[in-house]
Amino acid sequence: MGPLIPNGIITGDWNFVIAILLGVAFGFILEASGFSSSRNIVGVFYGYNFVVLRVFFTALIVTMVGLMYFDYFGWLNLSQIFILPTFWQPMLVGGIVMGFGFIMGGFCPGTSFTAIAIGKIDALLFTVGLYVGIGIFSLAFPLFADFYNSGNLGNITVTDLTGIDASWLALAFTFIALAAFWITMLIEKKIRKKITDYKF
Amino acid sequence: MNRNYIILTFLMLALAVGTLFLHLQKDTKQIQPEALLWDVLQPTRYVTTDQVAKRLIEKDPSLMLIDVRPAAEYTQFTLPGALNVPLDSLYTSAALANFGIPGAKVVLFANDAIAADEAWVILRRLNFKNNYVMKGGLNGWVETIIRPVAPAETAPETAFEQYNFRKAASMYFTGAKMDVNKDQKAKVVFKKRKKTVVASGGC
Amino acid sequence: MDTIKKENAPHYINPYLGGVLLGMLLLLTIYITGRGLGASGAVKSTVATTAKIVTPQDAKANAYIGRYITDDHSPMYTWLVFESLGIFFGGLLSGVIFRRVGKPRIEHSSKISGNKRLIFATIGGILFGIGSQFGRGCTSGAALSGSGTFAVGGIIVMFAIFGTGYAVAWLFKKLWI
């Protein structure tokens, strides 16, 4: 029967109320997990705080595995959910640029909103930067419009691309994530001993 | 604390492994035998050659003709606008994409009704709906539409109406056959089932 | 001494609990709306709105932003803008509950000045803004929601972001530790 809004079970009038409620829950989880602090976030790259990896990978495998169950119980029609279109070249470049932005800015857009809420000026400037960046992108768009639309593979999933069944993918990701949790737990312990500047 | 994490690790693994079994079960999930039998017995799964002819003449866009004979026979002769899905390649995903299109009425046919019936049962077991079998197949088509037999003098009026329709249809299909074939094949193109995309937009 | 430290230390929920909650929220979001969460789209809408107000003609003519501008309503009237407002208030709610809301402050490593942190935060934001447009979404929209639904693009973005992060982390070590 799901997704509810595209199937008309919930009317579009509720759309924005739902958006705010889901956003509140999202913001709450991000902030409560410690994503309102940029030094918590970048800890994942230096090995002193793997909270990003833990939250992110747990959420990912819960979603992947959950979708399989939702599909099985007939709650969700997987053919109706939005699959992000793949433009592999611009997405790869975009990801790399975002990686630089991540390590320099210490936030990603969602987390910066929650950090502003608790009074972080650096997060506010990060958001201003986002605004400026998207503005620059829009103004300069004609220069790289071709590149922006290159490598279009359509709305494909990994299953479409490789033929590997989604359940196996979910299982593989679960394996990787769980292994990563245990390994990073050990790494974190070792590295935290060396760092004195940062309070955990 | 570590013990809890070990338990959670195994719980998550079990849930993930569980999805594999869900899928296996789903693959063999078919409609219930009683339901299938009931559907097989329904006369509504047949359409007559007259109905098909009428819809073809009216150029009904929801009509989708599927020829389940081998490709060689299909190239020799088929109904106008019919697609070829040989019975032995019915299980391929390319072939199955032709079925289950919302709004389309799929009419299966072969030389007689047997091969088409077979295809119909396979499709029904795969849970596809809105499929029909053309009664009498192409043999029936030739007998009734292409070479209609005049009814006896004593036959009721409806029989004469049917005969007149068939004669007209015969002229339509034989006289203008070459043109119709070309036109229709180009025109009635069904879009294969695609993933429905809800909306687009950035992150 | 130890007890004081503990009281002052930020009190975060268990990351795995946070992850499970986030995963379930994402499932719920997909269940209700058919698509995932996002954040950078809201900033894009803000850019479109500003452009529409300041230079309506140019905004419409712009090949990129023009797509989001219509005559009948403001570009702010989109799902992600409302969701992002929610993110802000959700963060505020959590901050109030766990007592992390405070006066405006800058968080930075003791090795750099506050101003340096602000400069790098802005540059990071600009890069993230540009990158998120190429990537069709940011960490939440593309990497999390995309990968969660097995989209190839989402996985590309996820590995590109984190891979780059690890590859260049040593360059910016001073900013953080």
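**Figure 1. Strand β4 of chain B in a predicted model.** In this predicted model, strand β4 (residues 105-109) of chain B is mostly covered, four of its five residues being buried. Helices (H or I, at least four residues) and strands (E, at least two) are DSSP runs numbered from the N terminus; buried denotes under 20% relative accessible area, exposed over 50%, and partly exposed in between (1.4 Å probe, protein chains only). β4(B) pairs in the parallel sense with strand β2 (residues 63-67) of chain B over five bridges, and B:Leu65 stands opposite B:Val107 in β4(B). Two strands are taken to pair if DSSP finds at least two bridges between them. β4(B) also pairs with β5(B), again in the parallel sense, over three bridges; here the bridge partner of B:Leu108 is B:Val133 in β5(B). In a regular strand the side chains alternate between the two faces of the sheet.

**Figure 2. The open sheet of chain B.** Five strands of chain B form an open sheet with parallel pairing, in the order β1-β5-β4-β2-β3. Its edge strands are β1 (46-47) and β3 (83-84) of chain B, each of which pairs on one side only. β1(B) is joined in the parallel sense to strand β5 (residues 131-134) of chain B over two bridges, with B:Val47 standing opposite B:Met134 in β5(B).

**Figure 3. The fold of chain A.** Chain A has nine helices and two strands, which follow one another along the sequence in the pattern α-α-α-β-α-α-α-α-β-α-α. The C-alpha trace of chain A spans about 55 × 45 × 35 Å along its principal axes. Of the 200 residues in chain A, 62% are buried. Contact means heavy atoms within 4.5 Å; among contacts in chain A between residues at least 6 apart in sequence, 67% join residues at least 24 apart.

**Figure 4. The surroundings of A:Thr127.** A:Thr127 lies in helix α6 (residues 121-140) of chain A. With a relative accessible area of 16%, A:Thr127 is buried. When residues up to four places away in sequence are not counted, A:Thr127 touches A:Ser112, A:Phe113 and A:Ile116.

**Figure 5. The interface of chain C and chain A.** In this interface, 117 residues of chain C are in contact with 119 residues of chain A. The two chains bury about 10800 Å² between them, 78% of it on carbon and sulfur atoms; buried area is the accessible area (1.4 Å probe) that two parts lose on being put together, summed over both. C:Arg136, C:Phe150 and C:Trp176 are the residues of chain C that lose the most area to chain A, together 8% of what that side buries. Three salt bridges are found across the interface of chain C and chain A, a salt bridge being a side-chain nitrogen of Lys or Arg within 4 Å of a carboxyl oxygen of Asp or Glu. One salt bridge joins the side chains of C:Glu107 and A:Lys120 (3.7 Å, N to O).

**Figure 6. Polar contacts and composition on the chain C side.** Between chain C and chain A there are 37 residue pairs in polar contact (both at pLDDT 80 or more). A polar contact is a pair of N or O atoms within 3.5 Å; within protein, one must be able to donate a hydrogen and the other to accept it, and residues adjacent in sequence count only if both atoms are side-chain atoms. Several helices of chain C each supply at least two residues of the side that touches chain A, including α2 (15-33), α5 (79-97) and α6 (114-134). α2(C) gives the most to this side, with 18 residues. The side of chain C that touches chain A comprises 65 nonpolar, 40 polar and twelve charged residues; Ala, Val, Leu, Ile, Met, Phe, Trp, Tyr, Cys and Pro count as nonpolar, Asp, Glu, Lys and Arg as charged, and the others, Gly among them, as polar.

**Figure 7. The interface of chain A and chain B.** This contact takes 24 residues from chain A and 22 residues from chain B. Chain A and chain B bury about 2100 Å² between them, 70% of it on carbon and sulfur atoms. A:Tyr69, A:Tyr72 and A:Trp182 supply 27% of the area that chain A buries against chain B, more than any other three residues. Between chain A and chain B there are zero salt bridges and two residue pairs in polar contact (both at pLDDT 80 or more). α3 (51-72) and α9 (166-194) of chain A each supply at least two residues of the side that touches chain B, and α9(A) gives the most, with eight residues.

**Notes to all views.** Residues are numbered from 1 along each chain as its sequence is written, while chains are lettered from A and ligands numbered from 1 in the order in which they are written. Local features of this predicted model need pLDDT of at least 70, side-chain atom pairs count only at pLDDT 80 or more, and totals for chains, interfaces and linings use all residues; side-chain values use heavy atoms, with hydrogens and water left out.
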